[in-house]
Amino acid sequence: MEFSFGFIISIIIAIYLAIDAPKHNRNPWLWGILGFLFGPIVLGIYLIVTGRKVAGWIILVISILLVILVILLFAVGMYFIFNGM
């Protein structure tokens, strides 16, 4: 379920970037592919580059914090698994 939710979010971000990029003289293929692969982080960068800095920085910071949180939770989980709780 979580995988499909993330996949759908990536597709939505990719479509948005591919449609919006030509309006700002950007390459829609590049931004669409990057948006699909890296999701909200690229969306934040795109918004910053195209002049919507406040929304871009908010999305970028939240995305990076969530990635760091997932990495830390994974590391803690691996620690407990390999050290036998």
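Good morning. A pocket, as I use the word today, is an open set of grid points with protein on both sides within 12 Å along at least five of seven lines, and its lining residues have an atom within 4 Å of a point. The model under discussion is a predicted one.

With that in place, let me turn to the second largest pocket. Its lining consists of Pro-40, Ile-62, Ser-63, Leu-66, Val-67, Leu-69, Val-70 and Ile-71. Helix α4, which spans residues 53-83, supplies the largest share of that lining, namely seven residues. In terms of class, seven of the lining residues are nonpolar and one is polar, while none is charged. The volume of this second largest pocket comes to about 150 Å³.

I move now to the largest pocket, with a volume of about 190 Å³. Two elements each give two or more residues to its lining: α1 (2-20) and α2 (28-38). The most comes from α1, with four residues. The residues that line the largest pocket are Phe-5, Gly-6, Ile-9, Ser-10, Phe-36, Leu-37, Phe-38, Gly-39 and Pro-40. Six of these are nonpolar and three are polar, with no charged residue present.

Finally, a word on helix α3, residues 40-49. Which of its residues are buried? They are Val-42, Leu-43, Gly-44, Tyr-46, Leu-47 and Ile-48. After α3 comes Gly-51, with a positive phi near 95°.

Thank you for your attention.

Terms used. Residues are numbered from 1 along each chain as its sequence is written. This is a predicted model: local features need pLDDT of at least 70, side-chain atom pairs count only at pLDDT 80 or more; totals for chains, interfaces and linings use all residues. Side-chain values use heavy atoms; hydrogens and water are left out. Buried means under 20% relative accessible area, exposed over 50%, partly exposed in between (1.4 Å probe, protein chains only). On a 1 Å grid over the protein atoms alone, a cavity is a set of points where a 1.4 Å probe fits but cannot get out, and a pocket is an open set with protein on both sides within 12 Å along at least five of seven lines; lining residues have an atom within 4 Å of a point. Grid points are joined across faces, edges and corners, and a volume is the space filled by probe spheres set on the points. Ala, Val, Leu, Ile, Met, Phe, Trp, Tyr, Cys and Pro count as nonpolar, Asp, Glu, Lys and Arg as charged, and the others, Gly among them, as polar.
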